[in-house]
Amino acid sequence: MSKRTIAVMARLVDQKDGIGIYGQYLLRELLLADPETRYVILLETPACEQLFRDYSNAQVVVMPARSKLYWDQVSVPRAAREFDADLIFNPKFSLPFFTRRPCVFVQQGSDWYVNPQNYPWWDNLYIRLMLPLYSRKASRTLAISQTTLDDLANYTSIDVRESVVSYAGIGANFTMDRDPRALEAFRAEYHLPERFILTVARVLHGGQKLVREYPGGNNERLIRAYRRYRRNGGDLPLVVVGRHVEEYLRARSFSDADLQDVLFLGFVPNQRLHLAYQLADCFVLATLCESFGIPIVEAFACGCPAIVPNTCSAPEIAGGAAFLINPRDEADIARAFAEVTGSEQLRGRLRELGVERARTLTWKETARRTLAVFNELVPLQASMH
């Protein structure tokens, strides 16, 4: 019989973005690392209920709700009472206010404060009103990066002194191990050139039923920087992974000439994305602010030299293993393209440093840090059961 029960607010696993990936991988690693605990995984829809079917300590409960607020504040505490949970955990942010059970959540970023222009006014107002309240309600909080905590300390009144940095990891398929047949099949399916620069782009907000555009992806500036690189003599194509990126750019008057030698792959499942990294000469992430930047570590683990922003948490996560750029400076991005693609020696050094850095950022380590907080609040031997 399980020695404790943890109720997980897991509606984030439905999101088809980095937050969704974070939730899926962290929960599966927690289930593996903590077999004596029963995890009641609360979902809003049945879309991902099969994700945890192979774990004997997982109990999946689907709870449709009229709104996210109702789900958080009514459905979750009701389920926590029904299953006699010792603790409520949300891998994203938000908690039920009307519960006496210990609560833990993850501070997933500071972009609302650092780049408020990336969000509609009502999102910014909601965060400013609610995040401090959720933080006070939490028994403890975790954080995706130290930079996130530093930003929250600088921009808000939230007390982050007891928060624990837990980071994130990557899937097991992101490695240096290459399958030549799979690589050639992937190249043929997507009509990839022999050599190319890769980016993973974002143009839409994740986790919203009303899909909205996300300007923080910085895609317009990236394309202008790529055009500058080509005018200066660069000759590698740019391959773009991500939903609706071409449509987004064309809606902003980017022409065929502007997008010449840019290949848009659309969405590539995470289970196959490693093949794109393994085939690329280098990877660029030019977003304005990353709270962690999972694609950075994915590129590292696959041996793909990475060009990443010098803003927010990207330098922290890169740990000296990437070529840093100012994402607001097109000339700086173009210069990075030229330097990295033009030097096999530089790419080799970045490749070696990146692989080493990726070894330190794993889901197993994230789960270990998360469990340490659970164990502090509700030790297995002292749980209510």
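**Ground rules**

I worked with a predicted model, where local features need pLDDT of at least 70 and side-chain atom pairs count only at pLDDT 80 or more, while totals for chains, interfaces and linings use all residues. Residues are numbered from 1 along each chain as its sequence is written, and side-chain values use heavy atoms, with hydrogens and water left out.

**Entry 1: cysteines**

I began with disulfides, taking a pair of cysteine sulfur atoms within 2.5 Å as the test. The count came to one disulfide. The partners are C289 and C312, with their sulfur atoms 2.0 Å apart. I noted -105° about the S-S bond, which makes the link of C289 and C312 left-handed. The pair joins distant parts of the chain, 23 residues apart: C289 is in the loop between β11 (282–284) and α10 (294–301), and C312 is in the loop between β12 (306–309) and α11 (314–318). My helices (H or I, at least four residues) and strands (E, at least two) are DSSP runs, numbered from the N terminus.

Next I checked burial, where buried means under 20% relative accessible area, exposed over 50%, and partly exposed in between (1.4 Å probe, protein chains only). C289 is buried, at 7% relative accessibility. I also looked up C304, which is in no disulfide; its nearest cysteine sulfur, that of C282, is 6.5 Å away. C304 is buried as well, at 1% relative accessibility.

**Entry 2: aromatic rings**

For pairs I used rings of Phe, Tyr and Trp (its six-membered ring) with centres within 6.5 Å; planes under 30 degrees apart count as stacked, over 60 as edge-to-face and the rest as tilted. I got 15 aromatic pairs. In one of them, W112 and Y119 have ring centres 5.8 Å apart and planes at 40°, so I logged a tilted pair. Both W112 and Y119 are buried. Another is Y226 with Y229, with centres 5.8 Å apart and planes at 35°, so this pair is tilted too. Y226 and Y229 sit three residues apart in helix α7 (residues 219–231), so about one helical turn separates them. Y226 is buried at 0% relative accessible area, and Y229 is buried at 3%.

I also found one aromatic cluster made of F93, F97, W112, Y119, Y134 and Y214. Y214 has a charge over its face: R202 lies there, 3.8 Å from the ring centre. The rule I used is NZ of Lys or CZ of Arg within 6 Å of the ring centre and within 35 degrees of the ring normal. R252 lies over the face of Y248, at 3.8 Å from the ring centre.

**Entry 3: nonpolar cores**

Which residues touch the most other members of the largest nonpolar core? They are F89 and Y277, in a core of 104 residues. A core here is a set of buried Ala, Val, Leu, Ile, Met, Phe, Trp, Tyr and Cys residues joined through side-chain atoms within 4.5 Å. Helix α1 (residues 18–33) gives the largest share of this core, seven residues.

I then listed contacts of Y277 (heavy atoms within 4.5 Å). Leaving aside neighbours within four places in sequence, Y277 is in contact with residues including F174, L198, F283 and C304. A second, separate core has 31 residues, among them I197, V245, I333 and L350.

**Entry 4: salt bridges**

I searched the whole structure and found 21 salt bridges, each a side-chain nitrogen of Lys or Arg within 4 Å of a carboxyl oxygen of Asp or Glu.

R252 turned up again here: R252 bridges to E213, with the closest N and O atoms 2.4 Å apart. R252 is in the loop between α8 (245–250) and β10 (262–266) and E213 in the loop between β8 (197–200) and α7, so the bridge ties together parts 39 residues apart in sequence. R252 is partly exposed at 29% relative accessibility, and E213 is partly exposed at 43%.

R230 pairs with D261, with the closest N and O atoms 3.2 Å apart. R230 lies in helix α7 and D261 in the loop between α8 and β10, so this bridge ties together parts 31 residues apart in sequence. R230 is partly exposed at 22% relative accessible area, and D261 is partly exposed at 34%. Last, I noted that shared partners join E213, E220 and R252 into one salt-bridge network.
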